[in-house]
Amino acid sequence: MADKKTIVIGVIGSDVHAVGNKIIEYALTNANFNVINVGVLSTQEDFINAAIETNADGILVSSLYGHGELDCQGMREKCDEAGLDNILLYIGGNIVVGKQDFKEVEERFKKLGFDRVYPPGVKIETGIEDLKIDLNIK
Amino acid sequence: MNNAYLLIDFGSTYTKLTLVDIEKEEIIATSKSITTVETNIMEGFDKAFHLLKQKYDENKIKIIKKLACSSAAGGLKMVTIGLVPELTVEAGKRAALGAGARVLKTYSYEITNDEVNEIKNMKVDIILLSGGTDGGNKKIIIENAKKIAVNLKHIPIIVAGNKCALDEVRTIFDEHNIHYITTENVMPKLNEINVIPVREKIREVFMKNIIKSKGMDGAEAFIDGILTPTPAAVLKASEILSKGTNRLSGIGDLIVVDIGGATTDVHSLAEGYPSKSGINLKGLQEPFAKRTVEGDLGMRYSALALLEAGGEKMIKEFTSTEDILKKCRYRHDNIEFVPQNKEDIDFDEALAKVATKLALNRHVGYIEIAYTPLGEVFNQYGKDLLEVNYIIGTGGVIVHSHHPLEILELGMFSKQEPTLLKPKNPVIKVDESYILSAMGLLAYDLPDCAFRIMKKYIIDK
């Protein structure tokens with residue numbers, strides 16, 4: 001337990017897409033992470049409170065219904081406020097509506113304070129590899 | 001000669017005695033007298049005992065054991081310290097309430113010097129220190145332990161936090177000679193609650209330390225044991241009634257409403273999972289045996305607070321009396337007031353109705369509707385008590401009322417508030433003989449006997 005890295009996952013906002021959430025939990029657990037799943041329909045506070053109590057190393061936000069940008073506004077600031085200094089924030093899924101240029105989308109989410117932003121269709125393995133790099137896991 | 005148990009409740013106002021024939025499984029007699037905690041707790045007891053002796057034949061009844069519970073001298077006063085307000089703080093609070101404590105205040109994150117001083121001035125009996133899931137945050141609980149060790153030396157501490165922080169917390173407390181015990185984490189995993197080990201430790205500390213500090217050591221020579229705070233005895237009785245014992249099956253999910261002068265307690269014995277499909281359960285898990293205490297809903301000391309909580313409009317729904325403020329103030333100022341005329345009795349019943357309604361509204365879970373691109377979805381927070389089998393009323397105003405069912409009906413589901421998960425079709429019962437706390441005590445020794453007596457005197461009556 002102590003040597004495993006702890007990651008909080010969940011689906012943000014009024015979004016009920018549960019299947020991907022379960023797959024991410026499964027994949028991260030198999031990759032030797034300690035997974036804290038706050039589930040679907042989770043608020044920013046649900047993620048942040050879970051991260052505080054479990055002393056998490058990263059928060060991995062999923063959003064599949066297009067409103068990710070609205071749902072994530074102010075999340076980095078709230079993390080800072082809650083003492084989660086420099087906690088890793090990832091987001092992935094269908095995070096915006098329609099076909100937008102991903103470079104721009106990525107930039108917008110990085111401005112919101114996310115460390116990594118994933119377009120639709122990315123495999124969870126990519127995210128896991130990134131986590132290992134960002135958390136110095138050998 | 002029949003063997004009997006003498007069960008004693010050193011209440012905040014009255015010392016109540018219940019004599020139980022454990023062979024015939026009958027209540028032989030009850031009596032009460034004002035609690036005398038300022039002088040010697042045994043004075044009030046002796047008076048009540050004297051009254052009791054006039055009600056039975058000492059040649060036919062042999063008292064083989066005397067057990068007591070107590071809420072005298074302000075009850076068991078606790079503060080709880082956790083990390084996040086919605087998580088370990090709430091879990092700790094629920095555990096303390098379930099142990100029958102009065103939770104004076106809860107604290108979150110790192111406690112400040114001002115908060116430390118506040119705790120010092122509140123004269124608390126026990127501090128519950130938690131924080132962090134197992135393997136989670138260690139920093140805050142350790143910081144808080146340091147502050148406690150230096151500043152709050154003489155208060156017993158129960159540590160129920162992140163197990164990975166325990167070694168360090170122990171070292172800190174040992175270095176400062178702090179009186180503490182440790183137990184399992186009250187929230188070992190996120191949103192998973194673990195109240196029973198904490199409840200047991202609270203009871204242990206209560207039995208060992210608190211009795212002496214409350215000027216009740218005089219009672220110990222005469223009584224076989226002061227087992228528990230009174231509210232915990234009521235919860236224990238309710239739990240046995242609901243779940244049954246090793247040999248007897250219980251009556252299923254139930255709610256107990258206990259309306260007192262200062263507070264209204266609600267106990268629910270139910271898992272409270274969603275009774276309909278397609279509902280997401282959110283938030284911290286609920287304990288099976290859950291107690292909530294409404295400090296602003298009471299018949300006397302809290303009558304003014306009740307007026308504020310419910311508003312004149314709500315009281316007027318149940319009474320045509322004018323002068324509502326005056327009547328509430330009178331009750332607040334005269335806590336031993338016993339209504340004599342019809343107007344005052346009606347008014348007390350109106351207050352009890354408001355207390356029942358609001359206390360149940362706050363105790364039960366609720367449904368929140370979220371509108372998503374996929375349509376409406378339903379989130380449930382707290383317990384779904386729609387299908388609960390029984391509502392049982394206890395406490396002076398209900399026991400003495402001529403219309404207890406009308407009061408307790410206010411605890412039922414209402415179409416006006418469809419998102420509040422109150423019982424839809426419960427059987428309503430009254431603890432007419434006022435035996436719940438006594439049966440909780442008896443249940444520690446003779447659970448089968450306590451169960452059958454409760455069935456006989458409350459459910460089948």
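**View 1. Bridge between A:Ile9 and A:Asn37 in the predicted model.** The bridge partner of A:Ile9 in strand 2 of chain A is A:Asn37. Strand 1 (residues 6-11) of chain A pairs with strand 2 of chain A in the parallel sense, over four bridges; two strands pair if DSSP finds at least two bridges between them. Strands (E, at least two residues) and helices (H or I, at least four residues) are DSSP runs, numbered from the N terminus. This is a predicted model, in which local features need pLDDT of at least 70 and side-chain atom pairs count only at pLDDT 80 or more, whereas totals for chains, interfaces and linings use all residues. Residues are numbered from 1 along each chain as its sequence is written, chains are lettered from A and ligands numbered from 1 in the order in which they are written, and side-chain values use heavy atoms, with hydrogens and water left out.

**View 2. The five-stranded open sheet of chain A.** The strand order is 2-1-3-4-5, with parallel pairing. Strand 2 (34-37) and strand 5 (116-118) of chain A each have a single partner strand, so one side of each is left without a neighbour in the sheet. On average, neighbouring strands of this sheet are turned by 20° against each other, direction ignored. Axes are lines fitted to C-alpha atoms, for helices over the stretch in contact, and angles run from 0 to 180 degrees between N-to-C directions.

**View 3. Helices packed on the sheet of chain A.** Helix 2 of chain A touches strand 1, strand 2 and strand 3 (58-63) of chain A, and its direction makes about 165° with that of strand 1 of chain A. Helix 5 (residues 102-111) of chain A touches strand 4 (88-93) and strand 5 of chain A; the direction of helix 5 makes about 145° with that of strand 5 of chain A.

**View 4. Interface of chain A and chain B.** In contact (heavy atoms within 4.5 Å) are 18 residues of chain A and 23 residues of chain B. Eight residue pairs across the interface are in polar contact, both residues at pLDDT 80 or more; such a contact is a pair of N or O atoms within 3.5 Å, and within protein one must be able to donate a hydrogen and the other to accept it, while residues adjacent in sequence count only if both atoms are side-chain atoms. Helix 2 (residues 44-54) of chain A gives the most to the side of chain A that touches chain B, with six residues.

**View 5. The three-stranded open sheet of chain B.** The order is 13-16-15, with mixed pairing. Strand 13 (279-282) and strand 15 (366-372) of chain B are the edge strands.
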